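Hi everyone, thanks for coming. I'd like to walk you through one structure today, so let's get it up on the screen.

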Amino acid sequence: MANEPKRSRSKPTSKTKPPTPDRWYKDGLRFECTQCGDCCTGAPGYVWVTHRESDAIARFLQMSRDTFRKRYVRKVGRRYSLIERANGDCVFFHDGCTVYPARPKQCRTYPFWPENLSSRSAWEELESECPGARPGKGRVYPLEEIELIRRGGSEASLRDKWDE
Ligand code: SF4
Ligand code: SF4
């Protein structure tokens with residue numbers, strides 16, 4: 001080990017731009033949510049929430065943390081998910097998301113999830129599930145914005161409002 005070259009990890013400065021990743025979607029992707037609700041309804045699934053995210057929704061609903069967790073959150077292994085109705089719909093879906101400004105990262109970042117962005121064919125597969133991602137739909141999201149959303153960094157103002 002003593003002979004291994006030492007590597008220093010210098011802190012990026014404001015002058016150091018991070019390298020632009022060479023992604024297959026480097027020219028951007030079109031997307032516009034049609035509000036169809038398909039990603040919030042149907043087959044059973046999980047809407048993962050951190051404590052911070054569930055607190056944010058509780059604040060949005062002007063509900064106490066404990067009441068919110070008892071009523072709307074279930075433990076799945078070591079994680080937490082919003083509950084769903086017997087038909088698999090998210091408990092907060094009523095003709096649209098009723099907690100939209102405080103929705104968790106999983107929802108804020110859809111459909112720009114790593115698995116959907118992993119390849120062109122993965123994105124094309126998604127097109128059958130998400131009408132907003134079909135060719136010709138919506139505006140072009142540039143690479144930088146996609147990367148930001150993918151990391152959960154979009155809509156910072158909304159997040160800051162409910163994620164204290
Ligand atoms: S499936 Fe796509 S278009 Fe439909 S609500 Fe979800 S994100 Fe929007
Ligand atoms: S929290 Fe809102 S956006 Fe997320 S699954 Fe439920 S209804 Fe859909």
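A word on terms before we start: two strands count as paired if DSSP finds at least two bridges between them. And please keep in mind that this is a predicted model.

With that in hand, look at β2 and β3. They make a hairpin, with two residues between the strands. In the turn, G77 has a positive phi of about 65 degrees. The strands, residues 73–76 and residues 79–82, run antiparallel and are joined by four bridges. If you want one pair to find on screen, K75 is bridged to Y80 in β3.

Now to the core. The largest nonpolar core has 25 residues, and those touching the most other members are V47, I57, L82, C90, W123 and A133. Which elements give two or more residues to this core? They are β1 (29–31), α1 (51–60), α5 (120–126) and α6 (143–150). The largest share, three residues, is from α1. As general background, nonpolar side chains in soluble globular proteins tend to be buried together.

Let's stay with α1 for a moment. Its buried residues are E53, S54, A56, I57 and A58. Beyond its neighbours within four places in sequence, I57 contacts F68, V99 and A102. After the helix comes Q62, with a positive phi near 55 degrees.

Last stop, ligand 2. Around it you'll find C40, V47, C90, F92, F93, C97, V99, R103 and C107. By class, that shell has eight nonpolar residues, one charged and no polar ones. You've met V47 and C90 already, among the core residues that touch the most other members.

Thanks, and I'm happy to take questions!

Note on methods
Residues are numbered from 1 along each chain as its sequence is written. Chains are lettered from A and ligands numbered from 1 in the order in which they are written. This is a predicted model: local features need pLDDT of at least 70, side-chain atom pairs count only at pLDDT 80 or more; totals for chains, interfaces and linings use all residues. A residue is near a molecule or strand if its C-beta atom, placed from the backbone, lies within 6 Å of it. Ala, Val, Leu, Ile, Met, Phe, Trp, Tyr, Cys and Pro count as nonpolar, Asp, Glu, Lys and Arg as charged, and the others, Gly among them, as polar. A nonpolar core is a set of buried Ala, Val, Leu, Ile, Met, Phe, Trp, Tyr and Cys residues joined through C-beta atoms within 7 Å. A residue is buried if 20 or more other C-beta atoms lie within 10 Å of its own, exposed if 12 or fewer, and partly exposed in between; C-beta atoms are placed from the backbone. Two residues are in contact if their C-beta atoms, placed from the backbone, lie within 7 Å.
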